[in-house]
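Hi,

Here is the structure I promised to pass on.

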Amino acid sequence: MKQLPTGFPKDFLWGGASAACQMEGAYDVDGRGLSTSDIHEYDKNQDRAHIEKEGGGTLAGIKAAIADKEGYYPKRYGIDFYHTYKEDLAYLKEMEFKAFRTSISWSRIFPNGDELEPNEKGLEFYDHLIDEIIKDGMEPVITISHYDIPLHLVTEYGGFANRKVIDFFVRYGKVLLERYKGKVKYWIVCNQVNLIPNVQFGCLGIYDDQVAPEKMEETMYQAVHHQFIGCAKIKEFAKEIDPEAHIGTMIAEGCVYPKTCNPKDVVGAMKRNRVQEYFFTDTQLRGEYPTYMLRHFEEKGIHIHFEDGDEKLLKNNTMDFLALSYYYTNVFNHETDTGVPFKSEQNPYLKPTPWEWRADPLGFYNCLNQLWDRYQVPLMIAENGLGAEDVVEEDGSIHDEYRIEYLKAHIEQMKEAVLDGVNVFSYLSWGPIDIVSSSSAEMSKRYGYVYVDYDDFGKGTGKRMKKDSFYWYKHVIETNGEEL
């Protein structure tokens, strides 16, 4: 008889995750070109709990941001990880991380995106970084595209809406696969591939006035199709270049509950989950567009252009694992729903965070089981964490018990899923060292176990300080999740 799991596997990959565009800085060093992340200006007057879109703007606005000498663009500077990575990784080594997820800045390798040859100085930085991660005893988990598209590909080509960008993306991916063969085992091709329209700019490279408003939805889905094809081609190359590599896709887990047992809420929630989540995973893990989405496109008058060979390419190059970010859940109300993905009501049974994200540990258990039941592929938790405003006491201590409480509750529910037989092989909490927020471009929304002394305008010493959660998570790793 099959033996029941008793806890996390002995080789479970505990660790953390971050992104080049939020921590590296050095935006103009060693030949790096501007990327989509570099024009996200910090706005001190923003409604940080209700951010509709992350970065971007009109074409004129993008060009104005490039020329702007007065505004502050935090992602250009991050936490200066480009120069401090050895010291920062030493903190993770002290915590005994088994894995560290980061991304590679596309524009550091191909500054404009359409060059024939890569920037060797950019590759050299990642040579050193990946070697250091391995030296410190961690498995490198590398994201190929994480909201860091070369800006030239946006302004001159229109991002992934232009099929030509597939070739540029695949060239970039192939360079990485060849360069880091035998060093990087786990690759995530695109970060949170489903997070549209919220991050249409960073994820797809589409600016606000690229097409007429009535054509924007079709343009986004055409860009998603091109991204699917790019991912499949990279997977095809990976099988030739490094058969030992595991190529995964990643979603922002955004499962919604029906607000009531009214069948209109129940069915509406099911359809919403299909559109904002399962369409992407069905396509990349099953190898074809699901019929429900083809019907959805037809009913909305959306035409997706396929070229000869696209369907075969998708079918023959499904992803090896599914990575997901998980932070909160929402509810679907058929009476108020607007039909826009990721725009739903808050759950009144859950407590809000300062950014109105309703923490839901049981929802974590639910989504892991749902995804496992649906796909039966290994699952990686690529992001999970609590953004909060931390206070440094006079003695330098930082008491973030709220973060420990959040993470503890989620790890408990992840363990419950493992006991159910769900194949979760890695837990990478988000932002182990404080970084610039992806959505609001602020430093004060902190996720880390290590505090970084910079404010929202980049002022500060840059000093790193351990929070209480540092010691807590270190013990979690030491006990393989048995003592929380």
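Let's start with Asp 127, which is buried at a relative accessible area of 17% (buried means under 20%, exposed over 50%, partly exposed in between, with a 1.4 Å probe and protein chains only). Bear in mind that this is a predicted model: local features need pLDDT of at least 70, side-chain atom pairs count only at pLDDT 80 or more, and totals for chains, interfaces and linings use all residues. Residues are numbered from 1 along each chain as its sequence is written, and side-chain values use heavy atoms, leaving out hydrogens and water.

Asp 127 pairs with Arg 179 in a salt bridge, N to O 2.7 Å (a side-chain nitrogen of Lys or Arg within 4 Å of a carboxyl oxygen of Asp or Glu). That joins helix α5 (residues 120-135) to helix α7 (residues 164-179), with the partners 52 residues apart (helices are DSSP runs of H or I, at least four residues; strands are runs of E, at least two; both are numbered from the N terminus). Arg 179 is partly exposed, at 29%.

The count comes to 34 salt bridges. Another one is Lys 235 with Asp 320, at 3.1 Å between the closest N and O atoms. Lys 235 sits in helix α9 and Asp 320 in the loop between α12 and β7, so this pair ties together parts 85 residues apart in sequence. Lys 235 is buried at 8%, while Asp 320 is partly exposed at 27%.

Glu 478 and Lys 474 also form a salt bridge, at 2.6 Å; both belong to helix α15, four residues apart.

Cheers
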